[in-house]
Amino acid sequence: MENRDITILAIESSCDETAAAVVQNGRTVLSNVISTQIATHTLYGGVVPEIASRKHMENINQVIEAALLEAGKTLEEIDAVAVTYGPGLVGALLVGVAEAKAIAYAAEKPLVGVHHIEGHIAANYIEHPELEPPFLCLVVSGGHTHLVVVKDYDQFEIIGRTRDDAAGEAFDKVARSIGLGYPGGPKIDRAAKEGNPKAIAFPHARIDGSPYDFSFSGLKSAVLNYLNHARMMGEEVKPEDLAASFQSAVVDVLVEHAIRGAKEYGFKQLAMAGGVASNSALRSRMQEACKKAGITLYYPSPVFCTDNAAMIGAAGYYEFCKGARSGWDLNAVPSLKLGER
Ligand code: KG4
Ligand code: ZN
């Protein structure tokens, strides 16, 4: 098997993106097709699970066909089918899992179930051929905020996690409260560029005895209280200043925890993953801090930060090479833990 290319068809449908990709040897993306449902969910101010499942069903066949076509591969030329089976919205995950099972069974190919967060972490392998475990990874998405020691391609230790909201969730909620709409992260990122990050001093939650854990619900409440107070007093709030000040409070904590973790655990490589890893302030502030600390920073291009199937193909390749195979009874596991199979 050593000298032969391994080609994986990967499917991702855990939230509001229907995605399929063809990835070779875990690092070369032959195609990466994403059908986003953002326009639909924007009407409701957030992801509506029932609608997400229905949209996945409508789109998944075309998305997979497009991914194969763009890659110039037929199903016969694929070595395995990888699919996200958790964590995520159960109905949304089920569409991808059922589809992957049907394709793998019909084409007589092995099936590999992939953890969504393992996929986010593996997104870093796509554009950084030199990056190999072990390294520390800050995972910041809409549903998760973890500081993870990546011991090997399929071995993880979570050393810090959020006690309440995920970082992306805080971005989305604050954006909604200042009328920026869904999804909030990119909109706050953009608005913050025109604002003063020092305009409002928001709290930076630190948890006694758990230096790597996060908490964002206090910050979110502080933003809402600030807004209510200003409204009551008839004071004008500049949304750009509020966005910049909120973003700066989140970024401060993320940078501080990640750098402390890297130093404490002796890592000279730090990676970032998940939708929030595409935040421009986080990228530049983390880069600055890493430079000072002599740490090399890795992060994926924005298209590989937010949900996509190429990252599932990258993670699926390493799982496949380690011998991981899923049975035809593979099921969606909405609260799947990292490192569990
Ligand atoms: O990783 P992802 O696509 O989905 C999950 O697995 O949750 O992350 C989506 C999250 C959303 O909360 C979105 O607002 C946030 O990532 N996000 C950002 C940016 N782009 C996406 N947050 C801050 N700045 C951004 N530029
Ligand atoms: Zn995700």
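Let me begin with Gly275, which places a backbone N or O atom 3.0 Å from an oxygen atom of ligand 1, a polar contact in the sense of a pair of N or O atoms within 3.5 Å. The protein covers 89% of the 560 Å² of accessible area that ligand 1 has on its own, by the Shrake-Rupley method with a 1.4 Å probe.

Please keep in mind that this is a predicted model, in which local features need pLDDT of at least 70 and side-chain atom pairs count only at pLDDT 80 or more, while totals for chains, interfaces and linings use all residues. Residues are numbered from 1 along each chain as its sequence is written, ligands are numbered from 1 in the order in which they are written, and side-chain values use heavy atoms, with hydrogens and water left out.

Staying with ligand 1, the side chain of Asp172 brings an N or O atom to 2.7 Å from a ligand oxygen, and a backbone N or O atom of Gly142 lies 2.8 Å from an oxygen atom of ligand 1.

Now to the zinc ion, ligand 2, which is coordinated at 2.0 Å by His116 (NE2), His120 (NE2) and Asp307 (OD), donors being N, O and S atoms within 2.8 Å of the metal, or 3.2 Å for Na, K and Ca. The arrangement is tetrahedral because the 4 donor atoms subtend angles of 96 to 130 degrees, and four donors count as tetrahedral if all angles lie between 85 and 135 degrees.

Key: Polar contact = N/O pair within 3.5 Å; in protein donor to acceptor, adjacent residues only side chain to side chain. Tetrahedral: all angles 85-135°; square planar, octahedral: opposite > 155°, others 65-115°.
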